[in-house]
Amino acid sequence: MPSEGLNPSDRPRLLRDLVEIGSDVWRSRDLLYQLARRDIRIRYKQAIMGLGWAVLMPLLIVSAGLLIRLAMATASGSTLPKGAIAGIMVKSLPWAFFVGAIGTSVTSLTANMNLVSKVYFPREVLPIGTTLAQSFDSLIGATAVTLILAFLGVQPTLALGWVPILALLLFLLTLATALFLSCANLFFRDVKYIVQVLLMFGIFFTPVLYEPAMLPPTAAKLAMLNPLAPLIEGLRLAVTQGHSLLEPLTQLTKHGVAVVWQPWYLAYSAVWAIAGLVASATLFHRLEFVFAEYV
Amino acid sequence: MADAGVRFENVWKKFHRGEMHDSLRDLVPALARRLTGRSPKPGDLAEGDFWAVSDVSFDVRPGHALGIIGPNGAGKSTILKLVTGILRPTRGSCAVRGRIGALIEVSAGFHPDLTGRENVFLQGAIMGMATADINRKFDAIVEFSGIEEFIDTPVKRYSSGMNARLGFSIAAHLDPEVLIIDEVLAVGDFSFQQRAFDRVRELVSSDIAVIMVSHQLDRIAELCSEALLLGQGRVMRQGSAAECIAAYVLAPAAAPKANGRSDIPVKLHSLSLPDVAARSGDRICFTITGTVAPGGLPSWVEGVVITVRSAQNGRAVFSTSTARVGTQLPEEGSFELTVGLQLNVPAGIYAIEAKVWDRERGDSFPGPASYLQVQAGVDFTGTVQMNPTMSLSRSLPSRPGPTG
């Protein structure tokens with residue numbers, strides 16, 4: 001294979017791998033585009049609901065969230081707080097994206113078995129392609145949510161500038177997970193079943209339907225350990241409360257004053273996303289050449 | 001690229017028979033070794049491992065075509081996968097320089113729900129074409145496939161022939177420096193096969209490096225100058241295409257299978273052709289030496305049977321025997337049989353086999369064999385010599401012309 005620039009063997013191995021992955025993926029950008037397009041077309045071509053697909057999942061999450069929150073409010077004898085609907089709505093999108101992208105990319109290598117065993121191309125494009133296709137769905141969902149939020153009277157603020165940053169971090173974190181799991185599922189076919197179960201129950205361990213401040217302080221801190229939690233909570237705070245994520249935020253709860261946001265929460269998620277992506281992309285790349293023998 | 005080409009140096013590839021390990025317990029140590037870059041010495045075979053390719057070396061330069069032939073499971077496709085980079089060798093080195101175009105599984109990337117048009121872009125991208133290139137070549141691809149009217153129909157409604165034609169057309173419009181062909185020339189109907197073959201011939205003659213796997217030996221003979229005969233992963237023969245094809249076709253005859261019989265009444269030792277090259281229509285002579293076992297010639301011996309096979313398809317084009325010609329073998333002792341044949345056959349590679357035939361059991365004892373390369377003769381082309389005669393007589397015009 002031809003390689004440009006410096007003699008690649010002079011660089012440390014990790015860097016060399018990353019450069020290789022980068023140039024492989026860049027060279028396959030047309031393939032990536034075609035694969036994502038294929039996934040999107042298939043999803044919208046035959047589905048009766050068409051574009052409604054992209055909205056259905058967030059809609060279900062929102063309904064489930066409202067039901068639970070209503071039940072909690074009734075049990076404690078209070079009423080549903082005003083921002084609850086908007087908050088759940090905003091948070092349903094990233095969760096739907098994560099679940100959708102992981103759900104489809106786990107099997108992205110095994111579902112394309114005949115390609116993997118017979119045609120050469122950088123295999124990274126398969127999980128990346130499914131994640132991109134899911135991003136398209138989420139963009140449609142985001143458009144719908146934006147309209148509803150405007151209807152609910154949520155005012156745009158400067159804090160909306162955080163949305164692309166959070167979206168990018170979420171994308172990287174999802175990609176890292178997708179690369180790792182698709183690779184794992186190729187070697188161990190039961191990984192997809194484990195992932196299904198984890199995704200089903202994951203919603204309880206991720207602050208989608210609830211806010212960490214509703215939990216006792218220790219549990220709230222533990223909830224933020226989930227790398228998805230700061231991204232999802234950050235999105236809610238930025239969009240519905242116009243909170244700048246560089247400032248800490250405290251809130252009065254039943255347990256007293258609770259810290260709802262710390263700027264380093266974001267750094268924590270960013271580290272997970274970037275380090276995770278480097279690690280899983282490298283693992284994927286190093287195992288790539290035995291895929292055809294195991295698939 | 002001036003130095004495009006494929007170079008294999010002592011390439012070995014290990015495979016595992018049966019199920020791959022799929023428990024974490026087995027994988028973790030292997031993974032750890034791989035990640036730390038300390039793979040075990042890949043030389044030894046663990047239980048259940050076998051060499052799918054062992055010690056294969058070759059070099060294909062631009063303008064050259066290498067044919068790879070051999071029975072199923074000989075390692076042909078594994079070699080192609082090593083060339084394309086799908087697999088990496090266990091030992092040895094595979095160096096490929098230049099853009100690879102592979103005519104393998106030409107419709108593997110098709111999605112049944114997408115239309116032909118959408119699949120052209122998808123499959124083209126999978127084969128490594130840029131979207132802009134596909135855009136540019138789209139009309140040519142569709143025209144080549146001959147399915148213009150169905151290009152906006154989902155591929156699931158295509159017949160398998162249409163599917164293969166579209167796939168081949170996409171692959172045929174790759175612009176490779178190294179071309180890999182695996183058994184794709186037998187797609188579509190007769191006229192499409194002709195068109196596909198012409199296209200491949202055009203690619204082969206365009207100064208690129210070509211590696212081709214096929215069971216259609218006549219295609220190999222026509223396109224490739226050199227060949228590699230594989231058997232169970234090993235190189236059985238490497239050299240001119242004619243030589244390898246003949247060796248492949250002769251292999252079953254050469255295999256020592258006396259069907260467990262020890263009562264061999266006539267042993268045939270050698271079949272010697274004075275020259276392996278001849279022309280259509282030539283008369284050739286060769287000798288077969290043998291010995292009749294002490295104890296006499298049993299009545300069930302038909303005599304020496306001579307079979308001429310076309311190496312292109314392995315089919316017998318001619319067969320005769322001493323009994324049919326009316327030559328009697330001696331009752332005992334060694335003999336030398338001289339055979340003359342008129343080569344009323346088209347150009348090609350032919351295998352000549354000699355056997356002893358048991359007329360009662362319908363069984364034969366293997367004997368020596370050789371091959372012959374027949375070049376196109378002067379007075380005919382085609383598949384049979386019909387000994388043409390022609391005579392010309394001037395006939396008077398039936399009607400006088402206007403001036404005469």
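In chain B, strand S1 (residues 5–16) and S2(B) pair in the antiparallel sense, and eight bridges join them. The model is predicted. One facing pair is Val11(B) and Val56(B), the latter in S2(B). Both strands belong to an open sheet of three strands. Its order is S2-S1-S4 (chain B), and the pairing is antiparallel. Strand S2 (49–60) and strand S4 (91–97) of chain B form the edges. Each of these edge strands pairs on one side only. From one strand to the next, the twist averages 25°.

The domain assignment divides chain B into domain 1 and domain 2. Domain 1 of chain B is written in two segments, 5–17 + 49–241. Domain 2 of chain B covers 256–375. A distance of 39 Å separates the C-alpha centres of domain 1 of chain B and domain 2 of chain B.

In chain A, the helix packing described here involves helix H8 (residues 162–187) and helix H12 (residues 263–287). Two packed helices are described by the angle between their axes and the distance between the axes. For H8(A) and H12(A), the angle is about 30° and the axes lie 8 Å apart. Angles under 35 degrees count as roughly parallel, so H8(A) is roughly parallel to H12(A). The crossing of H8(A) past H12(A) is left-handed.

Both helices supply named residues to this contact. From H8(A) come Leu169(A), Leu172(A), Leu173(A), Leu175(A), Ala176(A), Leu179(A), Phe180(A) and Cys183(A). The H12(A) side includes Trp272(A), Ile274(A), Leu277(A), Leu283(A), Phe284(A) and Leu287(A). Among the other H12(A) residues in the contact are Ser269(A), Gly276(A) and Ser280(A). By class, the contact of H8(A) with H12(A) has 17 nonpolar residues, three polar and no charged.

The two chains also touch each other. Chain A gives 23 residues to the contact, and chain B gives 26 residues. The side of chain A that touches chain B divides into twelve nonpolar, three polar and eight charged residues.

Definitions and conventions
Residues numbered from 1 in each chain as written. Chains lettered and ligands numbered in written order. Predicted model: local features only at pLDDT ≥ 70, side-chain atom pairs only at ≥ 80, totals over all residues. Domains from an automatic or database assignment. Pairing = 2+ DSSP bridges. Helix = DSSP H or I, 4+ residues; strand = E, 2+ residues; numbered from the N terminus. Axes fitted to C-alpha atoms, helices over the stretch in contact; angles between N-to-C directions. Parallel < 35°, antiparallel > 145°, perpendicular 65-115°, else oblique. Left-handed = near helix turned anticlockwise from the far one by under 90°. Contact = placed C-beta atoms within 7 Å. Nonpolar A, V, L, I, M, F, W, Y, C, P; charged D, E, K, R; others polar.
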